[in-house]
Amino acid sequence: SFEFKLDFEFSLKEFSRLLYRECNLLCDVFSPPSDVPFFRHERMKLHGGESQYLFQSSEIYTELDLLELSIENIRLDVSKRGCRIVFDEIEMLNTSVSDIATILLHLRRQFLELEPKLKEVMALELEVIVKEEEFVKNEG
């Protein structure tokens, strides 16, 4: 069942990555019609990146939970059962920490790319909202 869970999680990761790539390709292929404001097209493109970022962020918590559980199991083995620490288990934990650090660095870079684009689109959307509020106020 653990192996199935890992296969399922890998499938979700792969699906998310492919969906993000296809979304970007479609957004690049289909330019927005002339009557659709540019920022709405950009919002569609950003939504894929934002979704992928959030998905990967939630995966970090799963990885940290698994790491914490592994450390707790080793601690119990040593303290309660008097077992010796197995070097391979420590190497596995070290690899997990390294993988988590790599993912966090990737997420940080991804956020630094998303943040200015999101701010730009939000500013344009806010401008439209203000204009629409003024229209409703003036016509109401």
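A residue is called buried when its relative accessible area is under 20%, exposed when it is over 50%, and partly exposed in between, using a 1.4 Å probe and protein chains only. The model is predicted, so that local features need pLDDT of at least 70 and side-chain atom pairs count only at pLDDT 80 or more, while totals for chains, interfaces and linings use all residues. Residues are numbered from 1 along each chain as its sequence is written, and side-chain values use heavy atoms, with hydrogens and water left out.

A salt bridge is taken here as a side-chain nitrogen of Lys or Arg within 4 Å of a carboxyl oxygen of Asp or Glu. Three salt bridges are counted under this rule.

One of them joins glutamate 72 to arginine 75, with an N to O distance of 2.6 Å. Both residues belong to helix α2 (residues 38-79), where a spacing of three residues places them about one helical turn apart. Helices are DSSP runs of H or I with at least four residues, strands are runs of E with at least two, and both are numbered from the N terminus. Glutamate 72 is partly exposed at 32% relative accessibility, and arginine 75 is likewise partly exposed at 45%.

Another salt bridge links arginine 81 with aspartate 77, at 2.4 Å from N to O. Here arginine 81 is exposed, at 57%, whereas aspartate 77 is partly exposed, at 25%.

In helix α3 (residues 87-139), lysine 119 and glutamate 115 lie four residues apart, about one turn of the helix. Their closest N and O atoms are 3.5 Å apart, forming a salt bridge. Glutamate 115 is partly exposed, with 27% relative accessibility.
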